[in-house]
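Here are my notes on the aromatic contacts. Please read them with the model open.

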Amino acid sequence: MGCVRSEKDSDYYKVVDDAINSYAWAAVVKLQERRVITDVLGPIGQGKEAKIILARGADGRYAVLKIFYPVPVRFKRRSPYILGDPRFRNLKISDQLHLVEVWCRKEFGNLSRAYEAGVRVPRPLGFYRNVLAMEFIGVDRNPAPLLAEVGLENIEDPYGLFYDILKNLEKTYVLAGLVHGDLSPFNILYDGQNPWIIDWGSAVRRGHPKEFEYLRRDVERVLEFFGYPLDAEALFKKLVERGAWRGRVEVDEEGWLLIGGKRIID
Ligand SMILES: Nc1ncnc2c1ncn2[C@@H]1O[C@H](COP(=O)(O)OP(=O)(O)OP(=O)(O)O)[C@@H](O)[C@H]1O
Ligand SMILES: [Mg+2]
């Protein structure tokens, strides 16, 4: 297949799409065989790189499948930012699929790590190839809205919610040893009571070269949404300092981490 595609483009993309869909479908069937899920109920959302499908988990409760699609194939013609990246241009479809599988595995690993550390995230259920299964966050069949969709003005107790997100941010960094890397009101679901942090594909382990850049940005975006209840740089520094603590870390009755006996804020 050459680089120049013309009148046959739509046919080409249709064939590619069909191939990818049947590939993803086979992975969904695999998750059923493994009893991670029992039924597939229907699509409920669409991200930039993934489709979100409602399913029934083995425990009888709703689950979601996040199906990662190779963006470069599907949006190649529309997205100059991907088109312009020579690394994608020359990749075969099988390589592109391999890339999203690596991404899916990475998101599952990060999600599991955060979950184990007690961060409020959807419970990871399993994954196969480019399909990730996790707990569904929502009521009936309706997914909880994004914090960005809810808007600050509609939150009854913005301080309470901010503190709750801060607790989760600190647990992510100190206990899970991760930086989310794409934390923002667009990746936090709010069920009216609790925030749920989603979309862990870009998270990095502490020690990663981008650790501080990402942490600073995550902190900044959360503070921005809440109208800067704290100074961003001061909070960033506190997190880094607390992350370097080598002694015992305890959790108090309100869920705050106690490091050297102290909360991150007094
Ligand atoms: N566990 C879940 N429960 C309910 N809804 C979910 C869940 N996970 C994802 N969603 C919904 O699907 C959307 C896309 O999910 P996610 O952010 O993980 O995908 P993405 O493709 O990486 O998104 P983006 O557009 O940010 O790149 C979310 O905004 C949310 O509305
Ligand atoms: Mg997202």
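Is tryptophan 256 buried or exposed? Tryptophan 256 is buried, at a relative accessible area of 4% (buried is under 20%, exposed over 50%, partly exposed in between; 1.4 Å probe, protein chains only).

1. Ground rules. This is a predicted model: local features need pLDDT of at least 70, side-chain atom pairs count only at pLDDT 80 or more, and totals for chains, interfaces and linings use all residues. Residues are numbered from 1 along each chain as its sequence is written, chains are lettered from A and ligands numbered from 1 in the order in which they are written, and side-chain values use heavy atoms, without hydrogens and water.

2. Tyrosine 163 and tryptophan 256. There are 8 aromatic pairs in the structure (Phe, Tyr or Trp rings, the six-membered one for Trp, with centres within 6.5 Å; planes under 30 degrees apart are stacked, over 60 edge-to-face, the rest tilted). In this one the centres are 5.8 Å apart and the planes at 65°, so it is edge-to-face. Tyrosine 163 sits in helix α7 (residues 158-175), and tryptophan 256 in the loop between β12 (249-251) and β13 (257-259), 93 residues apart (DSSP runs: helices H or I, at least four residues; strands E, at least two; numbered from the N terminus). Tyrosine 163 is partly exposed, at 31% relative accessible area.

3. Cluster. Ring pairs join Tyr159, Phe162, Tyr163, Phe225, Phe226 and Trp256.

4. Charges over rings. Lysine 51 lies over the face of tyrosine 69, 4.7 Å from the ring centre (NZ of Lys or CZ of Arg within 6 Å of the centre and within 35 degrees of the ring normal). Arginine 206 lies over the face of tyrosine 173, at 4.9 Å.
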